[in-house]
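Here are my notes for your first read of this model. Have the viewer open and take the points in order.

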Amino acid sequence: MTEMRTEVLQEILDEIARDMAHQTERGAVASYIPELAKADRSRFGIAVAPIEGDVLVAGDADERFSIQSISKVFTLTLAMERAGRELWSRVGREPSGNRFNSIVQLEQERGVPRNPFINAGAIVVADILLEGRAPDAAIGDVLALCRRLAQDETVGIDDAVAESETRTGERNRALAYFMSAEGNLREPVDKTLDVYFHQCAVAMSCRQLARAGSYLCAAGRKRGFADKVVTLDRARRINALMMTCGLYDASGEFAFQIGIPAKSGVGGGVLGIVPGVASIAAWSPGLDTHGSSLLGQAAFRELARRTGWSVFGPVSEDG
Ligand code: DON
């Protein structure tokens, strides 16, 4: 995979943003979290943080959106540090093949979620971050990491989104109570979900998100940081999970079509990592039927095709 000249890459991003502005098929905004239903489907933004050089942006790249499930990448990063190998006795690392909030597998598999990116898995991860302290302390750690990685202290939590999801989060409550009954949550369900709902409500722009993901394309290191954010092994494993589980029951298709480890959120964001090359964030609030941004994915497909950035080799014109 090659690095690209800045001017060429900027031109590609501008063209993608122009093209996305004209798309009429834009998907549907998430309505099961009422606050997210207010998002404007006409928006599209993209940002690329190359391993060397400044962040390049196009479209609405400075508009903040709810990162939702993309936060699971950052909480996993923290939980790997906090729990070490013990993490993997409480959550698996296989794709689920089911929707992100599915309940069916959890009973068959005795309350151990398939992976840390489906909701059940992320709730276990939130429980690990919470263990032995108050929700505010765990939420504070997640926010501090997002700010540190984005190198922007203005990154915050959208309280209206957190409140909206707390009011309507019965499905996540069902998952959490089931796991608690199976002994896979150690803290009270309402406190664990308080952490989970607030992490999902972190708001970031594409520019901030692309910058925040850059440690994953640089073997756990971040330019300008004295210490690694994570070890090389952990960065590799997070990327592997993004490739196999990051888009839930559409992860196989995204790997097949595009070949970039990625994580989506129902706020319409997609974070993608091209190891050794760049961290990429795209955003448009309209979702496909699997719960990932329709135009966000289309933008990744176009970017991969035009740059050759795919871990499996170049994406050709005719696919
Ligand atoms: O728990 C939920 O349902 C949401 N807070 C997050 C789900 C999500 O982002 C799924 N991603 N595409």
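1. One term before we start: a cavity here is a set of grid points, worked out over the protein atoms alone, where a 1.4 Å probe fits but cannot get out. Keep in mind that this is a predicted model. With that in hand, look for the ligand: the space it takes is the second largest cavity.

2. Who are the ligand's neighbours? Its surroundings are made up of 15 residues, and the closest are Y32, Q68, S69, E165 and Y196. Sorted by type, this shell has seven nonpolar residues, seven polar ones and one charged one.

3. Q68 has a polar side-chain atom 2.6 Å from a nitrogen atom of the ligand. For S69, an N or O atom of the side chain is 2.5 Å from a ligand oxygen atom. Y196 also places a polar side-chain atom by a ligand oxygen atom, at 2.6 Å. How much of the ligand's area does the protein bury? On its own the ligand exposes 340 Å², and 100% of that is buried by the protein.

4. For a landmark, pick A47, which stands opposite V57 in β2.

5. What do β1 and β2 form together? They make a hairpin, with five residues between the two strands. Check G53 while you're there: this turn residue has a positive phi of about 95°.

Conventions
Residues numbered from 1 in each chain as written. Predicted model: local features only at pLDDT ≥ 70, side-chain atom pairs only at ≥ 80, totals over all residues. Heavy atoms only, no water. Pairing = 2+ DSSP bridges. Helix = DSSP H or I, 4+ residues; strand = E, 2+ residues; numbered from the N terminus. Near = heavy atom within 4 Å. Polar contact = N/O pair within 3.5 Å; in protein donor to acceptor, adjacent residues only side chain to side chain. Areas by Shrake-Rupley, 256 points an atom, 1.4 Å probe, with all protein chains shown as cover. 1 Å grid on protein atoms, 1.4 Å probe; cavity = no way out; pocket = protein on both sides within 12 Å on 5 of 7 lines; lining within 4 Å. Sits in = over half its atoms within 2 Å of the grid points. Nonpolar A, V, L, I, M, F, W, Y, C, P; charged D, E, K, R; others polar.
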